[in-house]
Every structure is written in C-alpha cells, then in structure tokens.
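User: I'd like to learn how to read a structure feature by feature. Could you walk me through this one?

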Amino acid sequence: MIGMERSVYMDYAATTPVDERVVDAMLPYMSEHYGNPSSLYTLGREGYRALEAARESIAATIGAAPNEFIFTGCGTESDNAAVVCISQVVAERKNRRHVVVSAFEHHAVLRTAEWLAKNDFELTVLKPREDGIIHAEDLAGVVRDDTGLVSVMAANNEIGTIQPLKDLADVAHAKGALFHTDAVQALGKIPFDVNDLGIDAASFSAHKMYGPKGVGGLYLRKNTPFRPLLMGGGQEFKKRSGTQNVAGAVAFAKALELMIETHAEEAERLTRLRDRVADGVTGTIVNTRLNASGSPRLPGYSNLIILGCEGEAMLLQLDNKGIAVSTGSACSSSSLEPSHVLLSIGCPVEEAHGSLRVTLGRFTTDEDVEYFLEVLPPIVERLRSMNPLYDRMYGSGVKA
Ligand code: PLP
C-alpha cells in the first residue's frame, strides 16, 4: 500500500477526541439554545438551567455541593486561580506566605508558584522519589507553621503516577495549610471524591476526558479563602467572571458522566493494554525500561526510556507510520529541553532524551497496540545504528 497504512492515536494524555455523544449533547447549546445564561427571558433561562444541571451533575460526581464548583476556561486557568488566589488571601488573613508544590507539577502550577516566589512568597519545590510518588513523610519534612498552600497533582501527566492525596492533604492540614490538587489527568480515570480525599481545591479540564478544549473546572471547598482572578460581571458565584460557556459546561458534564459509566471496564482494559505496551517494548528491545514501573499508575499510561535514541526522532519516525505519541508533556515537546518530570525522579539527562510517552484511551484497540509494537523495534534499531556512541555506551541492538 502506498502512503500511510494506519492512523493510531496514542497521546490521550495530551488531549482526547471529543466523544460523539458529547458533541450531540453540546450542539443544541450552540444553535437553538444560545441564550446568555444571565439573561432573564426564556432563551437565557434555558441556558441557565442547562448550566446549573451540568454543575450539579459534576459536583455530585466529585462529592461537592453545586456552589463549590465553578466553570473556568481551562485546566491552566483553574491551576492559576487556585495557586495565586488562595495563597494571596491566606497570606493576607493569616500571614502564611510559604507555598509548597511538587517538582513534577504541570507548568500551569509550577510557573504560577514561581511567580508567587517573585512576589513576596517563599516557595518550596518538593521532589518526588524515584518511584514517581510524593511521599507524605517527605511532605511533612517541608510543611511549616507559615505554609498557606500545598499543591500536589492527583496523577502525573507524563509518567501517570497516582499520588497519595489523602495522606498528603492530612499532612498539610496538620500544619493548618490548605491543600490543592491538579486533577486534570485523574478525573474520571480513578476514584475522585473531595471528601474522601479531604482536599480544599481541585482543578479539572474537559479535553482530557473526551470533552472539548477550552472548558475547565475548579472545586473550592466552602469557605476556602479565594478572590477571583477574572473580575467583571460576577458570574460563577462572583468567583470567575465571564459569560459562561454553556455548551462547554454541558459537554463537560456529559463527558464525565460517560467516564464514570464505563470506568470499571475501561480501567481494566486500559491497564491490560498499558502493560502490553510496556512489556512488549521492554521484552523485545534491549536497553529499554519503564519509568515508575512499580508505582500505581493511570490506566493506559506508559513512559518508556529507550537508550541511545532521541525521543523526537522516534516520535517523527512513528508519525511517518501513522502513530501519534509524545516525548513528554505536549507543551514542552516543542522544546528540546529534557522533561522536568523525568529529571525530578532522578532520570539522567541523556536518558530523559530517549523518553517516549505512550498514553492509550477509549478508542485504542488491541490491534493498535500490536501495530505499535511491530513498528517500534526497527525504528529503534535504525536510530541506534546511526548513533556512533550507542554501541560504546550501551552495547548491541535489538533482542532477537
Ligand atoms: N494540568 C495537567 C496535569 C495537565 O496535563 C494539563 C494539560 O496538559 C493541564 C493542567 C492544563 O490543562 P488545559 O490544557 O485545559 O489548560
């Protein structure tokens, strides 16, 4: 066959296709029910009702009250709002100006915390251990009497490791600090109940779970100190001004409902496929390993190190075969800097350059995985044969 044989998407951590059922649910709110939810006439009230039904449905799923959940423009906005706006108010009210974030947060948290550090806050960036986990005892070692906010993500977007949120939140609370989690990758994929976990704030994004891009959510427990990042008409309980994206909110709720409906089967299927990817690569190609292999990881997520190959070169060659994977987080994959996540777990720079993130999802089939496992070894062999240092550093090629 001439040209591309297949199209295989294996980058579900970067974004997901919008499920057709989600599109069907949202379309009427872009066409006939287009009213502004703040308008008092019938068309506006239709929008308002849809918005509030979406809010109630999402809030119920995470164990929150409807007025504890606000819609935002994306996960990045939710992270910015949580980190900046909670920290500032806690600093003013309680004179707590110390903030703790983990070193492998998404840049939406990390860069925001660094901004705070340039604006009269003190920042501790806590490294995970090699297993890709932030351990409660390590957090206990850095939380202080003047810590206002601790932010640790629910699951990492590059290596997929699931964090012990309940234990971490307990450590923060024992010192009187608040606890925020970036749950953008976790929501719908693992159990997530704000009361079971004891968290004060959490960030979400619809496009990681078969909803559209540009719709996010922020959970803020009742009485959590907060001031809005966006000021204006006072929408979203005066916490996030801006005319609400009703179609986006409806889509977010529908997407989450579908995630929950199929959660158990999908978790099992994607864990099986994830393990097949990892075992298939490490069992066939020498000098490869799976990052954070012994830790709890999101179903579908594998982060592999393939020594002697540049991640970008593998990505492009796989793309030639119709396969979409990533070398790290999508936002940093356009730079050639090694992933801050891999460096944070102690991965040497030269090894981090050979990383491949393979993330599977709803539309991944067994055949897709087998195709990937068939296509990758010759690519690795070719790239290694072109690397003059490979044999000297790592020994010979691909397992027979
Ligand atoms: N947080 C995490 C863990 C993510 O993976 C992402 C997206 O890559 C974000 C935040 C940002 O979300 P959004 O793309 O909706 O701004």
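This is a predicted model: local features need pLDDT of at least 70, side-chain atom pairs count only at pLDDT 80 or more; totals for chains, interfaces and linings use all residues.

User: How many bridges join β10 to β12, and do they run parallel or antiparallel?

Analyst: The general idea is that strands of a sheet pair through backbone hydrogen bonds, either parallel or antiparallel. Here, 5 bridges join β10 (residues 301-306) to β12, and the two run antiparallel. Two strands count as paired if DSSP finds at least two bridges between them. Strands (E, at least two residues) and helices (H or I, at least four) are DSSP runs numbered from the N terminus.

User: Which way do the side chains of β12 point?

Analyst: In a regular strand the side chains alternate between the two faces of the sheet. In β12, S355, R357 and T359 point one way, while L356 and V358 point the other way, and all are buried. Since 5 of the 5 residues of β12 (residues 355-359) are buried, this strand is largely enclosed by the rest of the structure. Buried means under 20% relative accessible area, exposed means over 50%, and partly exposed is in between, with a 1.4 Å probe and protein chains only.

User: In what order do the 7 strands of the open sheet come?

Analyst: The order is β2-β8-β7-β6-β5-β3-β4, and the pairing is mixed. At the edges are β2 (69-72) and β4 (122-126), each pairing on one side only. Neighbouring strands of this sheet are turned by 20° against each other on average, direction ignored. For that angle, axes are lines fitted to C-alpha atoms (for helices, over the stretch in contact), and angles run from 0 to 180 degrees between N-to-C directions. Within the sheet, β5 (residues 147-151) and β6 (residues 178-182) run parallel and are joined by 3 bridges. V150 has F179 as its bridge partner in β6.

**The ligand**

User: Which residues are closest to the ligand, and how many surround it?

Analyst: A residue is near a molecule if one of its heavy atoms lies within 4 Å of it. In this model 13 residues surround the ligand, and the closest are T76, D182, Q185, S205 and K208. They divide into 3 nonpolar, 7 polar and 3 charged. In that scheme Ala, Val, Leu, Ile, Met, Phe, Trp, Tyr, Cys and Pro are nonpolar, Asp, Glu, Lys and Arg are charged, and the others, Gly among them, are polar. Helix α3 (residues 75-94) gives the largest share of the shell, 3 residues.

User: Which polar atoms does the protein bring to the ligand's nitrogen and oxygen atoms?

Analyst: A polar contact is a pair of N or O atoms within 3.5 Å; within protein, one must be able to donate a hydrogen and the other to accept it, and residues adjacent in sequence count only if both atoms are side-chain atoms. A polar side-chain atom of D182 lies 2.6 Å from a ligand nitrogen. A polar backbone atom of G75 is 2.8 Å from a ligand oxygen, and a polar side-chain atom of Q185 is 2.7 Å from an oxygen atom of the ligand. Taken alone the ligand exposes 390 Å², and the protein buries 88% of that. These areas come from the Shrake-Rupley method with a 1.4 Å probe; for residues, only the protein chains shown count as cover.

**Loops and phi**

User: What do the side chains of N156 and T161 contact?

Analyst: Both sit in the loop between β5 and α6. N156 counts as buried because its relative accessibility is 0%, and a polar atom of its side chain lies 3.0 Å from the backbone nitrogen of I159. T161 is also buried, at 0%. The T161 side chain reaches the backbone oxygen of G132 at 2.6 Å and makes a polar contact of 3.2 Å with the side chain of Q163.

User: Is D120 buried or exposed, and what is its phi?

Analyst: Most residues other than glycine have a negative phi. D120 has a positive phi, near 75°; this residue lies in the loop between α4 and β4 and counts as exposed because its relative accessibility is 63%. E236, in helix α8 (residues 235-238), also has a positive phi, near 55°, but E236 is buried at 3%.

Terms used
Residues are numbered from 1 along each chain as its sequence is written. Side-chain values use heavy atoms; hydrogens and water are left out.
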